[in-house]
Amino acid sequence: MAFQAFLLVCVLLLGAVVGSFLNVCVYRLPFQKSLLWPGSHCPNCLRPIRAYDNVPIFSWWLLGGRCRDCGQKFSPRYMAVEAFTAALFAFVLYLEAPAGAAALARYAYHVVLLALLVVATLIDLDLQIIPDSVTVPGMLIGLVGGTFGPGVQLLAVTAPAPEPPASAAYAVLVVIGWVLWIAAVVAQHPRVYGPTGSAQVMLLACSAVYLALQTAVLVARPMPWPGWPAWLAAHPHGAGFATSLIGFLVGAGLVWIVRVLGSAALGKEAMGFGDVTLMAMIGSFLGWQATVLVFFLAPFFGLIVGLIQWIGRGEHVLPYGPYLSLAALAVLLLWNVLWPMFQQHFALLALIPIPIVAALLLPILALALWRNWSRARAAETHSAA
């Protein structure tokens with residue numbers, strides 16, 4: 001009992017310190033400023049904040065939310081983020097109760113995701129952007145952590161395992177589908193959308209890896225997707241990598257489809273690319289099953305908060321990233337409740353042949369390519385004129 005109380009205090013202190021660092025990330029990453037230099041300082045008088053005035057949570061209260069030197073007010077959000085992160089770290093500890101190295105790794109893996117979600121959410125609320133400097137490192141941490149820490153994800157990639165027919169037609173559709181996916185990434189033409197970002201390169205690389213693995217399996221020995229339960233059971237690191245990679249691609253793909261359809265319907269960009277990379281990051285940590293739940297739960301958070309915002313402020317512009325983050329937080333914290341409720345619906349997905357799903361997705365991806373090609377041609381014509 002005494003050890004548990006000591007551990008809880010340590011986690012609360014760690015969460016508060018991490019929350020203080022997250023504040024720095026929120027205010028510096030969008031402007032590509034160093035996280036280490038200069039040190040914390042007052043934005044008004046530019047004087048460095050003393051170490052004893054930089055204690056998370058307590059210093060804000062002791063100073064009355066003001067700079068000791070010039071009296072400039074500090075936003076209460078600094079303290080709120082520190083307190084929220086501390087409480088979040090403690091609550092996840094209570095839910096997962098890490099005991100042993102494996103459980104501790106799982107706990108660390110999840111709180112890293114939560115810290116990244118806090119940063120992405122606050123930046124999106126402030127500036128309506130989600131910078132690659134948040135999501136790309138998050139994707140890499142998700143993929144590397146999932147590979148070298150097998151079992152840290154909520155579920156393995158094969159639970160439940162869809163088993164579409166292994167046939168030549170299925171193999172052709174798999175290859176065509178992923179070639180179109182890669183082409184859609186490449187088609188984000190610099191002349192239309194600006195220079196290709198590191199997040200797009202990351203998506204392209206992971207798509208190419210998956211295409212190569214899937215093609216190799218189909219050529220060597222046609223098997224249903226994912227079709228490797230015995231191999232994955234014998235190779236936990238391979239299973240961890242597959243879980244993160246499939247979650248990564250499913251998360252990006254779901255939001256990308258909405259982005260393409262919404263943009264086609266509205267005639268303008270419906271969602272930012274940052275939402276695509278945010279879901280890719282979430283998927284790399286949680287796996288494809290939890291990512292699907294996040295995708296379908298996010299609109300409910302958006303509806304509730306959007307109505308409050310519209311009634312209170314009359315605002316209509318709603319950044320979607322915060323609601324994806326809220327849904328991911330809810331899925332992670334309530335996973336033991338949500339998964340038994342929705343597992344049967346995922347089992348039904350196994351009854352849907354993958355070729356039918358692929359046939360529905362191919363026109364959407366083709367539409368994305370056609371629209372990008374048309375815009376590039378229009379840009380060339382305009383430049384020539």
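1. Let's start with the lining of the second largest cavity. Cys42, Arg47, Pro48, Ile49, Arg50, Asp53, Leu63, Cys67, Arg68, Asp69 and Phe74 line this cavity. A cavity, on a 1 Å grid over the protein atoms alone, is a set of points where a 1.4 Å probe fits but cannot get out, and lining residues have an atom within 4 Å of a point. The space inside comes to about 70 Å³. For volumes, grid points are joined across faces, edges and corners, and the volume is the space filled by probe spheres set on the points. The lining splits into six nonpolar, no polar and five charged residues. Here Ala, Val, Leu, Ile, Met, Phe, Trp, Tyr, Cys and Pro count as nonpolar, Asp, Glu, Lys and Arg as charged, and the others, Gly among them, as polar. Searching the whole structure turns up two cavities of 30 Å³ or more.

2. A word on what you're looking at. This is a predicted model, where local features need pLDDT of at least 70 and side-chain atom pairs count only at pLDDT 80 or more, while totals for chains, interfaces and linings use all residues. Residues are numbered from 1 along each chain as its sequence is written, and side-chain values use heavy atoms, with hydrogens and water left out.

3. Now the overall picture. The protein has 15 helices and zero strands; helices (H or I, at least four residues) and strands (E, at least two) are DSSP runs, numbered from the N terminus. Of its 385 residues, 43% are buried, where buried means under 20% relative accessible area, exposed over 50%, and partly exposed in between (1.4 Å probe, protein chains only). Take the contacts (heavy atoms within 4.5 Å) with a separation of 6 or more: 74% of them come from residues 24 or more positions apart.

4. Next, the second largest pocket, which holds about 740 Å³ of space. A pocket is an open set of points with protein on both sides within 12 Å along at least five of seven lines.

5. The expected span is 1.5 Å times one less than the number of residues. Buried residues in α1 include Val11, Gly15, Ala16 and Gly19. An α-helix has 3.6 residues a turn, so residues three or four places apart point the same way.

6. Ser59 sits in helix α2. This serine is buried, with a relative accessible area of 5%. A polar atom of the Ser59 side chain lies 2.8 Å from the backbone nitrogen of Val55. Leaving out residues up to four places away in sequence, Ser59 touches Tyr52, Asp53 and Asn54.

7. How many residues of helix α11 are buried? The count is 14 of its 14 residues. Helix α11 (residues 273-286) reaches 20 Å from its first C-alpha to its last, close to the 20 Å expected at 1.5 Å a residue. After α11 comes Gly287, whose phi is positive, near 90°.

8. Within α11 you'll find Asp275, buried with a relative accessible area of 8%. The Asp275 side chain reaches the backbone nitrogen of Gly321 at 3.3 Å. Tyr320 is 45 residues away along the chain, yet its C-alpha and that of Asp275 are separated by 7.0 Å. Residues touched by Asp275 include Asp124, Val255 and Leu324.

9. Pro319 and Asp124 are 195 residues apart in sequence and 6.5 Å apart in space, C-alpha to C-alpha. Besides Asp124, Pro319 touches Leu125 and Gln128, not counting residues up to four places away in sequence. Why does Pro319 count as buried? Because its relative accessibility is 11%.

10. Last stop: Ser244 in helix α10 (residues 236-266). At 0% relative accessibility, Ser244 counts as buried. Its contacts include Tyr109, Gly142, Gln153 and Ser284.

Conventions
A polar contact is a pair of N or O atoms within 3.5 Å; within protein, one must be able to donate a hydrogen and the other to accept it, and residues adjacent in sequence count only if both atoms are side-chain atoms.
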